[in-house]
Amino acid sequence: MKKKRLKLTSSRIIILGFAAVILLGSFLLMLPFSTREAGGASFQDALFTAVSACCVTGLVVQDTATYWSGFGQGIILLLIQIGGMGVVTFAVLFSLAAKQKISLKQRGLMQEAISAPQLGGIVRLTGFIITTTAILELAGAVGLAPVFCREFGLWRGLWYSLFHSVSAFCNGGFDLMGVRTQFSSLTSYAASPLVNLVIMALIIAGGIGFMTWDDLKTNRLRLQRYRMQTKVVLVTSVVLLVLPAVYFYFFEFAALAPGERFWGSLFQSVTARTAGFNTLDFNTMSEGGLGVMILLMLTGGSPGSTAGGMKVTTLAVMASTALAIFRRQEDTHFFGRRVEEETVRSAMAILTLYLTLFFFGGLLISRVEQLPLLTCLFESASAVGTVGVTLGITSQLGPLSRFVLILLMYAGRVGALTVVFAALSGGRSNSARLPREKLIVG
């Protein structure tokens, strides 16, 4: 009997592409010269680090600055860059550099990888993504250089500037500040306006999505011409930045000086959704503050961005759908445009998937490690949202808990719905419809 060949759909290609890069990165991180001490990293540490870097998360089991050598840090930075831009986009970069012709199948794969609305102009858009990434990352490195070069010397300061610029724009959350105190992130710059502004600007720039940047470039200040998605992304992002920052300022970090409190509240609001840096200690926050952080982490960035997670448009669609039901309106809509029913159903499925992964991942870690549930839910939200902030338990977790975080980070980056499509695609479609019967909810 002839065996049925597995069809490589776009979803499966994206998933396998990320897996291949992660395995190659793990192998390179296991090399003896990838660590500062001879012997190299264990497979478990290398795999966790490679997944965290390629999935632009930032959770670490070994301090990046003190454990990994310059070569190892370079591999981590490359993985962050590939993960932020996307494996497909990075592959196309080499094709364009080699002046190879992009086939129709490759264009379709690119469209799905960057969440482009149409196939036309996809090569131009990919070129725009590559150019924008290079310009913003170099600008960020230049902005950070005065501070880091003054503190660490010229060459080391330039390396630190480039590393943190790429990590921030790609929403990676990896840092090299362990040379001060291990796992300290950017806490030594809590009151530095320049570092705060540059890092926040890079996080936001990478997190709002390349489609948004392309729309802004095309239409500039002609707001009425923006696509509905651009408007939804910008409005939702502003709300999710301002409201949590106000909450943090008035209800958290009360012991800080006003200036540090302002920068700390704003920075934690920006980083919580996508990035993974922190300038303040999250262990000083109340349970209410940690709850707000968890909600922000689950929300994620924007479609077609360097960030992972559920995406702000999913939250916006669910909120608008609820509002339409409250008003007894038939359709979900934004800015005078109706949202397709398929989009609403996809948003509901995505929300259900992420909440399921988040809760059961945190519950399993809590049971295995005998740690408080809220602490473990914080960790699982950080992983599945590909954020990277932590309450300090990552390096203390056992093998099973680390494997749970690896699965959560991977699903959060490639997309939980993409994983489901890849697993279930290829089945027979049934056009017949079942009889309808009313079900009472609410």
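1. Trp213 is found in helix α10, which spans residues 210-219; helices (H or I, at least four residues) are DSSP runs, numbered from the N terminus. This is a predicted model, in which local features need pLDDT of at least 70 and side-chain atom pairs count only at pLDDT 80 or more, while totals for chains, interfaces and linings use all residues. Residues are numbered from 1 along each chain as its sequence is written, and side-chain values use heavy atoms, with hydrogens and water left out.

2. Trp213 counts as partly exposed because its relative accessibility is 28%; buried means under 20% relative accessible area, exposed over 50%, and partly exposed in between (1.4 Å probe, protein chains only). Neighbours within four places in sequence aside, Trp213 is in contact with Phe128, Ala205 and Ile208, where contact means heavy atoms within 4.5 Å. Phe128 is 85 residues from Trp213 in sequence, yet their C-alpha atoms are 9.3 Å apart in space. A polar atom of the Trp213 side chain lies 2.8 Å from the backbone oxygen of Ala205.

3. In α10, the residues Phe210, Met211, Thr212, Asp214, Asp215 and Asn219 are buried. The buried residues of this helix pack against α7 (122-152), α8 (154-169) and α11 (228-251). Just after α10, Arg220 takes a positive phi of about 50 degrees.

4. Helix α9 (residues 193-207) packs with helix α12 (residues 258-274) at an angle of about 25 degrees, and their axes are 10 Å apart. Axes are lines fitted to C-alpha atoms, for helices over the stretch in contact, and angles run from 0 to 180 degrees between N-to-C directions. The angle therefore makes α9 roughly parallel to α12, a term for angles under 35 degrees. On the α9 side, the contact is made by Pro193, Asn196, Leu197, Ile199, Met200, Ile203 and Ile204, and on the α12 side by Trp263, Leu266, Phe267, Val270, Thr271 and Thr274. These residues divide into 10 nonpolar, 3 polar and no charged; Ala, Val, Leu, Ile, Met, Phe, Trp, Tyr, Cys and Pro count as nonpolar, Asp, Glu, Lys and Arg as charged, and the others, Gly among them, as polar.

5. Two loop residues also deserve attention. Phe183, in the loop between α8 and α9, has a positive phi near 60 degrees although the residue is not glycine. Phe183 is partly exposed, with a relative accessible area of 43%. Lys311, in the loop between α13 (287-299) and α14 (312-326), is likewise a residue other than glycine with a positive phi, near 90 degrees. Lys311 is buried, with a relative accessible area of 16%.

Notes. Angles under 35 degrees count as roughly parallel, over 145 as roughly antiparallel, 65 to 115 as roughly perpendicular and the rest as oblique. A polar contact is a pair of N or O atoms within 3.5 Å; within protein, one must be able to donate a hydrogen and the other to accept it, and residues adjacent in sequence count only if both atoms are side-chain atoms.
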